[in-house]
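Below is a short briefing on one protein model. Look at the sequence and the structure first, then read the points that follow.

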Amino acid sequence: MTRRDLLKTATVVGGSAFLAHLFPTSIGRAYALVQQSVAPADPLAAARAQTAAVPIEALKLSDTLTMLSGPGGNVVVLNGPDGKIVVDTFVQGVWPALKQRLDAMGNAPIKLVIDTHWHFDHTDNNESFRNAGAGVLAHENTRKRLSESNDLLGMHFNPAPAAARPTDTFTQTRTMQANGERVDLGYIPPAHTDTDIYIHYTRANVLHLGDVFFNGMYPFIDASTGGSINGMITGTERMLKMANDTTKVVPGHGPLGDRPALTKYRDVLVTVRDRVRKLKEAGRSVQDVVTAKPTADLDATWGKGFMQPDVFVTIVYNTL
Ligand SMILES: [Zn+2]
């Protein structure tokens with residue numbers, strides 16, 4: 001998808017309404033207050049402020065693993081005497097609160113942060129983690145994307161400063177042992193972006209899928225850095241093979257999931273893809289397809305979260 005397509009996507013519902021739907025709406029009031037105080041001229045600052053206003057909630061996944069959710073993508077902390085290994089970082093502005101949470105888990109050092117992909121709501125505090133003594137591990141494409149300028153949904157990203165880029169990268173897989181856990185990392189070929197990885201804690205049977213999985217809602221797909229609906233479906237299929245009946249599946253956004261939740265999500269992606277593809281192959285324009293509301297029966301359940309249905313349909317159309 002070109003920048004022009006992205007702009008077209010953004011204009012489907014109009015700028016501010018679109019941004020308001022980019023981030024979880026469960027905190028309505030805090031949101032509205034923050035929105036009033038942020039100049040609309042800087043959508044990135046607005047998105048950061050809106051996201052940072054969400055409180056952090058903690059959920060214990062095992063004796064060593066904790067999921068933190070709220071102000072950005074879901075964070076998972078592996079804690080123990082070998083040091084804390086943290087997946088994803090929330091957004092700027094949340095660092096003091098996140099650091100406090102990590103410190104409260106015990107005095108082992110923060111050893112490593114792992115970025116699931118390049119998006120700011122997952123990598124924004126890389127530099128703060130490094131200042132706290134941690135290394136930053138990611139797929140090599142995350143380092144590449146963070147080293148360049150990007151425009152996404154009206155937000156402009158300058159190249160991240162050197163101190164905010166990964167200190168270590170891999171291309172296919174990486175395995176590490178820490179705190180009695182074995183952690184398998186692997187690349188997911190272009191799905192949500194071209195930087196996506198999974199993190200599989202094999203002893204606890206926890207699988208973090210980053211933004212390849214939005215639990216219970218239509219996902220955002222970033223075509224500007226390699227994402228596509230077919231990539232999302234292929235990635236989800238592959239991750240289903242890694243999960244079993246007791247796997248705890250951590251999405252990039254939304255509540256903790258499991259194999260049935262991931263299966264339902266895969267089914268919705270396939271259904272929407274097939275419906276939109278049929279119309280596109282019949283020669284219908286993107287506007288025609290959006291107007292036809294091909295997801296009408298799914299929207300009450302899946303369209304209430306991150307992505308408005310018409311924006312999601314537009315992205316699916318444009319990436320087919
Ligand atoms: Zn993302």
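**A sheet and a metal site**

An open sheet is built from 5 strands in the order E10-E11-E12-E13-E14, with mixed pairing. Its edge strands are E10 (173-178) and E14 (248-250), each of which pairs on one side only. The model is predicted.

**The sheet**

- Strands of a sheet pair through backbone hydrogen bonds, either parallel or antiparallel.
- Strands E10 and E11 (residues 181-187) pair in the antiparallel sense, over 6 bridges.
- Gln 177 has Arg 182, in E11, as its bridge partner.
- Helix H9 (residues 229-242) lies across E11, E12 (197-201) and E13 (206-208).
- The helix H9 runs at about 10° to E12.

**The zinc site**

- The zinc ion is coordinated at 2.2 Å by His 117 (NE2), His 119 (ND1), His 192 (NE2) and Asp 211 (OD).
- The 4 donor atoms subtend angles of 90 to 168° around the zinc ion, and therefore the arrangement is irregular.
- Along the chain, the donors of the zinc ion follow the spacing H-x1-H-x72-H-x18-D.
- His 117 and His 192 link distant parts of the chain, 75 residues apart.
- His 117 sits in the loop between strand E5 (110-114) and helix H6 (120-123), while His 192 sits in the loop between E11 and E12.

- His 117 counts as buried because its relative accessibility is 0%, and the cut-off for buried is under 20%.
- His 192 is also buried, with a relative accessible area of 0%.

Definitions and conventions
Residues are numbered from 1 along each chain as its sequence is written. This is a predicted model: local features need pLDDT of at least 70, side-chain atom pairs count only at pLDDT 80 or more; totals for chains, interfaces and linings use all residues. Side-chain values use heavy atoms; hydrogens and water are left out. Two strands pair if DSSP finds at least two bridges between them. Helices (H or I, at least four residues) and strands (E, at least two) are DSSP runs, numbered from the N terminus. Contact means heavy atoms within 4.5 Å. Axes are lines fitted to C-alpha atoms, for helices over the stretch in contact, and angles run from 0 to 180 degrees between N-to-C directions. Donors are N, O and S atoms within 2.8 Å of the metal (3.2 Å for Na, K and Ca); water is not among the atoms, so sites may look incomplete. Four donors count as tetrahedral if all angles lie between 85 and 135 degrees; four count as square planar and six as octahedral if opposite donors are over 155 degrees apart and all others between 65 and 115; anything else is irregular. Buried means under 20% relative accessible area, exposed over 50%, partly exposed in between (1.4 Å probe, protein chains only).
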